[in-house]
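Here are my notes after going through the model you sent over. Have the structure open while you read, as the points go residue by residue.

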Amino acid sequence: MIGDDDWQSFFDPDEFGCELQMVLGGDVRDVPGMLGAPREPDQLRTGNRNQGGVRAKPGEIICQVPRSELPSDWAKRQVFLDGQIYTAIEALPIGRIRVGLVLIPYSERSEQHGEWLRD
């Protein structure tokens, strides 16, 4: 059976992989990754993606990461990848070893969601 060690070459930046830096305050976690979704993206369409239609965002990318390397507070962290800053908006399960981290370009939030409705 394929285990965590078998995926190391795929996540190696010298082979197929990339390196994510996930930052929260002064805590920086280096997480190995591999850009792109698996060949059958329908397997990823779970949870929020099936509810309420498509949530496509310009510049959205999927980066596969080992489930064991993903920090539990991933949603609160900024993600640095190839000189760009992203926000992770969803972690889609890909089997038992990997997750597909959905990344969108980072932007500062100036107001809470829906506050503009109160004006």
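1. One term before the rest: a residue counts as exposed when its relative accessible area is over 50%, as buried when that area is under 20%, and as partly exposed in between. By that rule Asp82, at 62% relative accessibility, is exposed.

2. Keep in mind that this is a predicted model. The mean pLDDT of the protein is 76, with 60% of the residues at 70 or more. Helix H1 (residues 8-11) has the lowest confidence, a mean of 63, while E4 has the highest, at 94. I'd also flag residues 46-54, where pLDDT stays under 50. For that stretch the model has 11 contacts beyond four places in sequence.

3. Back to Asp82, then. Where does Asp82 sit? Its place is the loop between strand E4 (78-81) and strand E5 (84-94). Asp82 isn't a glycine, yet its phi is positive, at about 50 degrees. The two strands on either side make a hairpin with 2 residues between them, and Asp82 is in that turn.

4. Now for the strands around E4. E4 pairs with E5 in the antiparallel sense over 4 bridges, and Leu81 has Gln84 as its bridge partner in E5. Strand E1 (residues 18-24) also pairs with E4 in the antiparallel sense, over 3 bridges. In that pairing, Gln21 has Phe80 as its bridge partner in E4.

5. Which residues of E4 are on its covered face, and which on the uncovered one? Val79 and Leu81 make up the covered face, whereas Gln78 and Phe80 make up the uncovered one. In a regular strand, side chains alternate between the two faces of the sheet.

6. Arg77 deserves a look. This arginine lies in the loop between strand E3 (61-66) and E4. Arg77 is buried, with a relative accessible area of 2%. What does its side chain make polar contacts with? One partner is the side chain of Asp27, at 2.6 Å, and another is the side chain of Asp73, at 2.8 Å. Leaving aside neighbours within four places in sequence, Arg77 is in contact with Met22, Val23, Leu24, Asp27, Arg29 and Pro71.

7. On the cysteines: how many disulfides does the structure hold? The count is 0. A disulfide would need two cysteine sulfur atoms within 2.5 Å. The closest cysteine sulfur to that of Cys18 belongs to Cys63, 3.8 Å away, so the pair is too far apart for a bond. Cys63 is likewise in no disulfide, and its nearest cysteine sulfur is that of Cys18. As for accessibility, Cys18 is buried at 7% relative accessible area, and Cys63 is buried at 0%.

8. Last, Gly100, which lies in strand E6 (residues 98-105). Is Gly100 buried or exposed? Gly100 is buried, with a relative accessible area of 0%. Beyond four places in sequence, its contacts include Cys63 from point 7, along with Ile62 and Gln64. Glu90, Ala91, Leu92 and Ile94 are also in contact with Gly100. The C-alpha atoms of Gly100 and Met34 are separated by 9.3 Å, with the two residues 66 apart along the chain.

Technical notes: Residues numbered from 1 in each chain as written. Predicted model: local features only at pLDDT ≥ 70, side-chain atom pairs only at ≥ 80, totals over all residues. Heavy atoms only, no water. Buried < 20%, exposed > 50% of the residue type's maximum accessible area, 1.4 Å probe, protein only. Pairing = 2+ DSSP bridges. Polar contact = N/O pair within 3.5 Å; in protein donor to acceptor, adjacent residues only side chain to side chain. Contact = heavy atoms within 4.5 Å. pLDDT = per-residue confidence, 0-100.
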